[in-house]
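Thank you for making time this morning.

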Amino acid sequence: MPAAPSVPRVVAVLCLFALLAGCGVRETQVERGIRDQVLHRGMGPEVADLDPHLATAASDHTVLSALFEGLVAEDPKTLAPAPGVAERWTVSADHLIYTFHLRDNARWSNGDLVSARDFIESWKRVLTPTLAADNANLLYVVRGAEAYHKGHTPSFLEVGFNALDDRTLQITLERPTPYFLSLLQHWVWWPVHLPTLRQHGSIEVRGNPWARPGTLVGNGPFVLAEWRVGQRMIVKKSPTYWDAATVRLNAIHFYPMEDINAEERAFRSGQLHLTESLPVSKIDAYRTASPEMLRIDPYLATYFYRINVTRPFLNLTKVRQALSLAIDRRAIVDRILRAGQRVATAFTPPDTGGYMPPEGIVYDPAAARALLAEAGYPGGQGAPSLDLLFNTSENHRAIAEAIQEMWRRELGLEVRLSNMEGKSVLDARRTGSYEILRSAWIGDYADPMSFLGIWRSDSGNNYTGWSNATYDQLLHQAARTAQSKERHALLQKAESLLLAEAPLIPIYTYTHVFVLHPSVRGWYPTLLDHHPYKHVWLEAPGPAR
Amino acid sequence: MLRFFASRLLQSLLALLVIITATFFMLRFVPGGPFTAEKAVTPEILRNLEAHYGLDKPLWHQYFDYLGSLAKGDFGPSFKYPNRTVNEILGDKLPVSIELGALSLLVALLIGLPLGILAAVRRNTWVDYWGSTLGMMGISIPTFVVGPLLVLAFAIHAGWFNASGWYTISDRVLPCLVLGIAYAAPIGRLTRGGMLEVLNQDFIRTARAKGATELRVVFKHSLRGGLLPVVSFLGPAIAGILTGSFVIETIFQIPGLGREFVNSAFNRDYTLVLGTVILYAGLIMALNLAADLAQAWMNPKVRLEG
């Protein structure tokens, strides 16, 4: 048989190639970015739209916050309300009337002044039923807004929005809302340039293609320069932005990434300054090899199980309490998740808008067994087997298996695991065809109401069949209390009641895990993962090696 | 030939209508809808959304509405992307998928054909063994392994290419190579088999006896017959490359249709699922038809039986 080129020789040639390539100094995108102040970031899935009134996903904020600005902006470290388009504001003594004074130099990217009228017309658009804006209900805190949106009052004049003049805006609330300024930071409150929208279609129905490069007019620190769907979005520093002097980045390139492994590879090859997320399997490698790039930030979201309280057995409060007490959350966080998540002993994450949840659930298998016995099922005898449903994902399965084992070991209960694709699970939730359901809740704004509100009887996000008049009453009372200390006390009381009734089992508080190049400055850990871009800049890390 | 073509075309159109109907109704029986989300929209907003997209009408009404707009070439609005139409999305993404597919096919043919011919001509030598080994490896190692490995070697360590994206010419290299290799393997094996069969026939022995050069024997006398199996494979292969590019598109972040095809089903974006299904079904039918025609042209036997 004729001689084949020997394997060692092939390997040697390949090595030579690799060496040569290593010698060639090719400037990476990240290095070029540092030189030109261009931030390259992964952004998770593609945004559905850049119309702030129609955007729905929490991740849409990633791009929208570069293009638009509301009355109230965010402090880069605490996300506390900071002056945005409004340079100052006053609140009436009864906490019902907010008066905003717009700055004189707030401009749209086409040069027009941002006026009080722009805001009011924008909010009118959000509340127009035919637009079907998903987040319209966030405006319901304003007097008359709900009635107008639901078609009970035909006149927009009855809604509590009022332009005193071109630069003064007055908002009258339904009732005192201590978190109103935080709520204003949500993108659904941001203004759009209606003359532009009218040029490209109707402002009252969907399908208006105005939010594209060349036609999008915004009022944020950046303007849209390019959007290749599924590929890249480029925003460039806006010359008309009122605070352009503070903005140090010249441009931001956003890369939608469907696959978190691909995103991490792009980061490692020097294409990205930061990723949106990091695969769990890569955390340990970064911890040992480059800990300075690994970031684990707190995140305002809770991982929990819903319990369908309309089912026999699960309708017993003691059974539900037993299920919750028998879970060793520490073990789940430390051994399965391993990304700095915090054990959730309550539903609201600690320090949400200054609120501390009550002392909640502890791991107490003995107490759990006793409760189950009191309910009439000592050692799980006579108890039906339970069904635990989750959407298909390796992590959800690992956690479910751990909990299945804990409930079997501590309580003698049989648990069947079943998984389905995402929307099928949501449909099972809607129709109540589940017993125990893996769930998650992300806060819309940093206030406990964003979490506790979903367990009200009339909430569209409850789904457990649980309702409690005392709980509703406590929240109702808290909503009318302006003093934050009293209000927090009422909310704590409500949350204690919620945890004791246990229509849900909190498991852990999320963290946001991602990798960040050391050149990115001004990127502070914030609860909502918001990072006002005007405070971000790039700086070559000190002399390397 | 014309009758053959006409009858096949008619069959295809009928099949397409069946596919559209089945997809339309199956989609509606899947649990969850386009507006099912982790954070529920209020009942009023849901009603407004359904009214806007016509989902509040009876199902048969929606079906005929859809067929009506389809006849005008309108695939309808997307549910997931509120300000985009399905036509726009398909128009954006199909060219990318076609480019990826065409380049990969080129790579597959450039590697597969010479390797297959060489292996057949030099049967049972090291060329043949190496070719077969590579072919087996290409078939058995999936693209989601080859892809990240090549990225690791050539993007992260060597730094020659970007790890992901679809901007410059150099961004085309890795994905097309990975997808090309996967299809080069079966092409090589089919070429080898087809060529071997022809090379063993009497008329080849006659050609050789008459003193024809080896090159003439291979390219003039054997190739047309030897490539028949490859041609019949190409129709489904092109369709496979186009529809199966999902994995490659995900690994390399390529904004093609494959990703949209899969995600639209998860999003219950009814119109976008239908749009991609119709497009793909149409493509596959057209390609199969083309493969049949090419085969009929190359092999009179098929023509007569058809």
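Leaving aside its neighbours within four places in sequence, which residues is A:Ala326 in contact with? Before I answer, a word on the basis: this is a predicted model, in which local features need pLDDT of at least 70 and side-chain atom pairs count only at pLDDT 80 or more, while totals for chains, interfaces and linings use all residues. Residues are numbered from 1 along each chain as its sequence is written, and chains are lettered from A and ligands numbered from 1 in the order in which they are written.

With those neighbours set aside, A:Ala326 is in contact with A:Pro365, A:Ala368, A:Met406, A:Trp407, A:Glu410 and A:Leu411, where contact is taken to be two C-beta atoms, placed from the backbone, that lie within 7 Å. A:Ala326 also belongs to the largest nonpolar core, which has 215 residues, and is listed with A:Val63, A:Leu67, A:Ala322, A:Ile505, A:Ile507 and B:Tyr183 as those that touch the most other members. Such a core is a set of buried Ala, Val, Leu, Ile, Met, Phe, Trp, Tyr and Cys residues joined through C-beta atoms within 7 Å; a residue is buried if 20 or more other C-beta atoms, placed from the backbone, lie within 10 Å of its own, exposed if 12 or fewer, and partly exposed in between. At least three residues of this core come from each of domain 1 (58–200) and domain 2 (298–512) of chain A, the bounds being those of an automatic or database domain assignment.

How do those two domains meet? The C-alpha centres of domain 1 and domain 2 of chain A lie 34 Å apart, and eleven residues of domain 1 are in contact with twelve residues of domain 2. On the domain 1 side, the touching residues divide into six nonpolar, four polar and one charged, with Ala, Val, Leu, Ile, Met, Phe, Trp, Tyr, Cys and Pro counted as nonpolar, Asp, Glu, Lys and Arg as charged, and the others, Gly among them, as polar.

Let me turn to the sheet. Helices (H or I, at least four residues) and strands (E, at least two) are DSSP runs, numbered from the N terminus, and two strands pair if DSSP finds at least two bridges between them. In chain A, six strands form an open sheet with mixed pairing, in the order β12-β16-β11-β15-β13-β14, and its edge strands, each pairing on one side only, are β12 (342–343) and β14 (415–420). β12(A) is joined to β16 (504–515) by two bridges, the two strands running antiparallel, and A:Val343 has A:Tyr508 as its bridge partner there. Strand β11 (294–307) of chain A is largely enclosed by the rest of the structure, because eleven of its 14 residues are buried.

A helix that deserves a moment is α8 (260–268) of chain A, which is mostly covered, with seven of its nine residues buried. The cover over those buried residues includes β1 (38–42), α9 (280–289) and β16 of chain A, together with α6 and α11 of chain B. After α8(A) comes A:Gly270, with a positive phi near 80 degrees.

Positive phi is also found away from glycine. A:Leu79 has a phi of about 65 degrees and is found in the loop between β2 (72–74) and β3 (81–83) of chain A; this leucine is buried, with 23 other C-beta atoms within 10 Å.

Finally, the partner chain. Chain B has 14 helices and zero strands, its C-alpha trace spans about 85 × 60 × 30 Å along its principal axes, and buried residues make up 38% of its 306 residues. In the interface, 41 residues of chain B are in contact with 45 residues of chain A. On the chain B side, the elements giving two or more residues are α2 (43–53), α5 (126–140), α6 (143–157), α11 (246–252) and α12 (257–267), and by class that side has 21 nonpolar, 13 polar and seven charged residues.
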